[in-house]
Every structure is written in C-alpha cells, then in structure tokens.
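Subject: Structure handover and findings

Dear colleague,

Please find below the structure that I am handing over to you. My findings follow directly after it.

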Amino acid sequence: MKNNSYEYDVALSFAGENRGYVEEVANSLKTRGVKVFYDVFEEANLWGKNLYEYLSEIYQNKARYTVMFISGFYNQKLWTNHERVSMQARAFQESREYILPVRFDDTEIPGILKTVGYINLKDKTPEELATLIEKKLTKDQTFFRKKWSKLSTMISAKPFIFSIKVLDEKGKLVKNAKVVLVADNSTYLEGFSDEKGLAHFIIRTRKLYTVLIAHPEYPAVLFKGVNPKEDIEVTIEKTKDSGSAIINKSGQIPAISGKIEPVLKQGQGFALYADNIAIEGGHNQPYDFELNKSLSLEDNGGNIIHLTFRFFQGRIALVDYCKHKPI
C-alpha cells in the first residue's frame, strides 16, 4: 500500500497502560506494508527532538488517519491530551473523517461526540483491528485516486473565490498576514489578509493545497490537504519576541538584514545558503538543516535570531524566528 501525500498512513495515539494491545496492532500493520507512526518504531528519530512540537506536527499534519485508543488512562495523560488537541485541530479543517476512535471502555473524551462511529475493542483482537484499519485505508486511497486524479488536472468551468479569515486568540481580526497556497506540484498562490482579516484567492484549478500563514508578530501556521471548496477561519496566537515569514524570491526575514536561500539537496535533505549572514556562529556553507529544528543566524549588525523552518517545497519556505535576548 503506497501513500504519496502523507508521511504515515496512520498514527496511533494511546496511553502507556494500553501498550500491549496497541503494539500488536502496530506490528500487524507494519507487516502488511502500512506506514504506521508508533513511538517504539520511531525511537531513534524521536531522540533529542522537541517532542511537544514534533508530535503536534505528526498528529496534525503527517498522517492520513489517527487511531485514538480511548480508555480511562488516555483521558488522564498530559501527552495523549496534547496529541488529541493536535488531531482535533486537523479534523476541524477536514471535510472527511480523520480521527478513528476505538474504545477499551466508555470514557468520555472532550471533542469526541457519542454519535461518532467507533470500534469496540472488547470483541476485537489486535489482528482484527489491524485488518479493519487496512480496509479503511484501502477504501480511502481508491476514493482519492478516483476523485483527485480527475480534478487535479481539470480546469474549473468557472473560477471561484476562496477566502481565509485570520483572527487572533481574542477573536480580533489580523491584517497583513501573508498567506500562501502551495499545490503538490509546487505552484502557489499568495496574498495578504486585509482590514477584515481576509485573504482572497481566485481558484482556477481543483487541487488540494498546503496553506501557509505568516506574520511578523505571530508564529507560523500550516495546514495540509486543504480543499478550497469552502472558506476557512484560522486563529493564531501572539508570542512575545517571535514572528514568522514566508520566503520565496527575496529571501529576506524582517528581524535581520541580509538574505537566505534554502535549497533541496541532491538525493535527500535541505541545505541553507546565506548572504552577509553567519549561520551557527560562522559555519561553512551550505549548512545542512532539518525541518522543525532551530538554528541561529547573525547579521553584520550583530542582530541574532533563532530560525526554524516549518515547511519547504519548491522555492517556498515557511519559517518561525525568535529574536535573541542578550545575557
């Protein structure tokens, strides 16, 4: 089974007390060729990472589905609740089911309605559950191939307007946020939010887009697999001394002088060139970097920022930056 849109076919979210059952499911899925995010399989990859940010990215953007193993233990854990919030942020943007709940018991989970279909694990073995997950994925892959292989290359009979409203955590309209829609083929549409917090785009071809939002006073926002058939509303939360930017042609960041140019390395990975900017105290260029991993930049005026790439495709990069505070 192949998946060209997501890093994982399915991510498993569970409490440690239920690991025995979940591990059997994960192993069964792996032997079937399903790309599954299960923490034990990712031990080396997770080592040293900022788990709060990394797991949020996994459960919000990198899996086609998430299976939530609901139990009394699940509801009590800090990390499972963090995973749940990330899943629900994704589910809010989807026009299809994303969270697949399975239940060890009748524990109520915030945001999971009682009317949502679920699988009762009291009468399902791990192998049987893995079979159901595989069937769900197979059906979904067939649906997407039929639907989007036709629509992605079809010019719409009539162009239409797709709008994104940007608000802050207090519900206040945010103007001058840069918004970019990036298609899978790396073509993109760009705009800025106006006085009403709205960024408008003329959509001429039916595609799924990755939505990037940046602002000098707010952290970066990213949503993958967005269908522009319905307008969306996005809330961003201000963080002191931090901002974000979308880099394309200019390669400039508001908080520092000079220019940067990220590039895709031959084979795999990313590298960074900088003009009149020192990378990590003067490291040789090109400098290899990873998504979601911070690095320091210093310009010729001694201004230092900590920069984190959140997204990079084609010539479009979404970055977070934080101004360095002198000791």
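Among contacts in the protein between residues at least 6 apart in sequence, those joining residues at least 24 apart make up 60%. Please note that the model is predicted. The protein has 327 residues, of which 46% count as buried, and its secondary structure comprises 6 helices and 20 strands.

I begin with the nonpolar core. The largest one has 22 residues, and those that touch the most other members are Phe162, Ile164, Leu181, Phe201, Val211, Ile213 and Val234. At least two residues of this core come from each of strand 6 (155-168), strand 7 (178-183), strand 9 (198-205), strand 10 (209-215), strand 11 (218-226) and strand 12 (232-236). For Val211, leaving aside residues up to four places away in sequence, the residues touched are Ile164, Val179, Val180, Leu181, Val221, Leu222, Phe223 and Val226.

Three strands form an open sheet in the order 14-15-17, with antiparallel pairing. Its edges are strand 14 (259-264) and strand 17 (287-289), each of which pairs on one side only. On average, neighbouring strands of this sheet are turned by 35° against each other, direction ignored. The antiparallel pairing of strand 14 with strand 15 (residues 270-275) extends over 6 bridges, and Leu264 stands opposite Phe270 of strand 15.

With regard to helix 1 (residues 19-31), its 13 residues reach 18 Å from the first C-alpha to the last, close to the 18 Å expected at 1.5 Å a residue. Which residues of helix 1 are buried? They are Tyr21, Val22, Val25, Ala26, Ser28 and Leu29. Seen down the axis of helix 1, these buried residues fall within an arc of 165°, and they therefore line one face of the helix. Gly20, Lys30 and Thr31, on the other side of helix 1, are exposed. Just after helix 1, Gly33 takes a positive phi of about 85°.

Most residues other than glycine have a negative phi, and most peptide bonds are trans. Against that background, I list the following:

- Asn176, in the loop between strand 6 and strand 7, is a residue other than glycine with a positive phi, near 65°.
- Ser186, in the loop between strand 7 and strand 8 (188-192), is not a glycine either, yet has a positive phi of about 75°. Ser186 counts as partly exposed because its relative accessibility is 25%.
- The peptide bond from Gln285 to Pro286 is cis, with omega near 0°.

Finally, I turn to Thr308, which is found in strand 19 (residues 304-313). Is Thr308 buried or exposed? With a relative accessibility of 9%, Thr308 counts as buried, since the cut-off for buried is under 20%. Not counting residues up to four places away in sequence, Thr308 touches Asn292, Lys293, Ser294, Leu318, Val319 and Asp320.

Yours sincerely

Notes
Residues are numbered from 1 along each chain as its sequence is written. This is a predicted model: local features need pLDDT of at least 70, side-chain atom pairs count only at pLDDT 80 or more; totals for chains, interfaces and linings use all residues. Side-chain values use heavy atoms; hydrogens and water are left out. Two strands pair if DSSP finds at least two bridges between them. Helices (H or I, at least four residues) and strands (E, at least two) are DSSP runs, numbered from the N terminus. Axes are lines fitted to C-alpha atoms, for helices over the stretch in contact, and angles run from 0 to 180 degrees between N-to-C directions. A nonpolar core is a set of buried Ala, Val, Leu, Ile, Met, Phe, Trp, Tyr and Cys residues joined through side-chain atoms within 4.5 Å. Buried means under 20% relative accessible area, exposed over 50%, partly exposed in between (1.4 Å probe, protein chains only). Contact means heavy atoms within 4.5 Å. The expected span of a helix is 1.5 Å times one less than its number of residues. The arc is that of the directions from the helix axis to the C-beta atoms.
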